[in-house]
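Please look over the sequence and the model below.

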Amino acid sequence: MVRAAAWSAPVVASVALAPHAAASGGTIVSQFYDVSPSAYNSAGRPTALVGSMSFGNTGTPNVTISTITVTVTLPASRVSGASPTNVTGAGWAYTSTSSGGGTRLFVFTWTGSLPAYGSTSQLNFTVALNNTSPGTVSSTATASASGGNSVSTTVTWSI
C-alpha cells in the first residue's frame, strides 16, 4: 500500500530591494522601512509618525562601510517641526531638515563599521503631524553608502 500526502506552505510576499548601482565600496540594501501613525489625540487622530529602518552590507567580502546617509521624504502638508522629536539607534544621528517642492526632507547619518554581510542597528524616528485628516500618505527613504551605492524604498499608509 502506498500513501501519498499533499501539503502546501503558506505563501509570504516579500520585497527584496536591489541597489541602484554597483560600486567599488560596500553594497547596501534596505532590510526594512516602516512608517506608521502614532500618539493619537482625543479625537482619535494621530499626532505623530513613527519611522524605523535598517540596512545591510551585501558587498564584497573585506569591504567595510563606515557611513550611511539616509534622506526621508515626507509631504510638507502633513508634517511639522524643523526636526524629529525623537531619534534612536546605535550609530544613528539626525543631521538636518529641509523643505521644498511640497516635501520635507529629514536627513540621518549612521557612522560605524559595517562589515560585509553585517547590518546596521535599527534607526527609529518620530516626526510631528500638523495635518491629521484622513487620507493616504507616502514616504520615501533613500540611503547612500560611503564609497558605495544608493537604494530607495517607498511606503504608503492611511491616516
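Confidence in this predicted model is given as pLDDT, the predictor's confidence in each residue, from 0 to 100. In the protein, strand β5 (residues 86-88) has the highest confidence, at 96, and strand β4 (residues 79-80) the lowest, at a mean of 88. Strands here are DSSP runs (E, at least two residues), numbered from the N terminus. The average pLDDT of the protein is 82, and 84% of the residues score at least 70. Residues 1-23 have a pLDDT below 50. In the model, this stretch has 20 contacts beyond near neighbours in sequence. Contact means heavy atoms within 4.5 Å. Where pLDDT is low, the predicted coordinates should not be read in detail.

Residues are numbered from 1 along each chain as its sequence is written. In this predicted model, local features need pLDDT of at least 70 and side-chain atom pairs count only at pLDDT 80 or more, while totals for chains, interfaces and linings use all residues; side-chain values use heavy atoms, leaving out hydrogens and water.

**The sheet**

Five strands form an open sheet: the model has an open sheet of 5 strands in the order β6-β7-β3-β9-β10, with antiparallel pairing. Two strands pair if DSSP finds at least two bridges between them. β6 and β10 are the edge strands, and each pairs on one side only. On average, neighbouring strands of this sheet are turned by 20° against each other, direction ignored. Such angles are taken between axes, which are lines fitted to C-alpha atoms; they run from 0 to 180 degrees between N-to-C directions. β9 and β10 run antiparallel and are joined by 9 bridges. T136 has its bridge partner, S158, in β10.

**The core**

Which residues have the most contacts inside the largest nonpolar core? They are M53, I68, V70 and V72, in a core of 29 residues. A nonpolar core is a set of buried Ala, Val, Leu, Ile, Met, Phe, Trp, Tyr and Cys residues joined through side-chain atoms within 4.5 Å. Buried means under 20% relative accessible area, exposed over 50%, and partly exposed in between (1.4 Å probe, protein chains only). Strand β3 supplies the largest share of this core, 5 residues. I68 touches I28, F55, W92 and F108, among others, leaving aside neighbours within four places in sequence.

**Aromatic pairs**

Rings of Phe, Tyr and Trp (its six-membered ring) pair if their centres lie within 6.5 Å; planes under 30 degrees apart count as stacked, over 60 as edge-to-face and the rest as tilted. The count comes to 3 aromatic pairs. Two of them are listed here.

| Pair | Centre to centre | Angle between planes | Type |
|---|---|---|---|
| F55 and W92 | 6.3 Å | 50° | tilted |
| Y94 and F108 | 6.1 Å | 65° | edge-to-face |

F55 lies in strand β2 and W92 in strand β6, so their pair ties together parts that are 37 residues apart in sequence. Both F55 and W92 are buried. Y94 lies in β6 and F108 in β7, so this pair ties together parts 14 residues apart in sequence. Y94 counts as partly exposed, because its relative accessibility is 30%. F108, at 0%, counts as buried. One aromatic cluster is formed by Y94, F108 and F125.

**One leucine**

Is L129 buried or exposed? L129 counts as buried, because its relative accessibility is 9%. L129 sits in strand β8. Its contacts include P46, L49, V79 and I159, not counting residues up to four places away in sequence. L129 and G81 are 48 residues apart in sequence, yet 8.4 Å apart in space, C-alpha to C-alpha.

Terms used. Helices (H or I, at least four residues) and strands (E, at least two) are DSSP runs, numbered from the N terminus.
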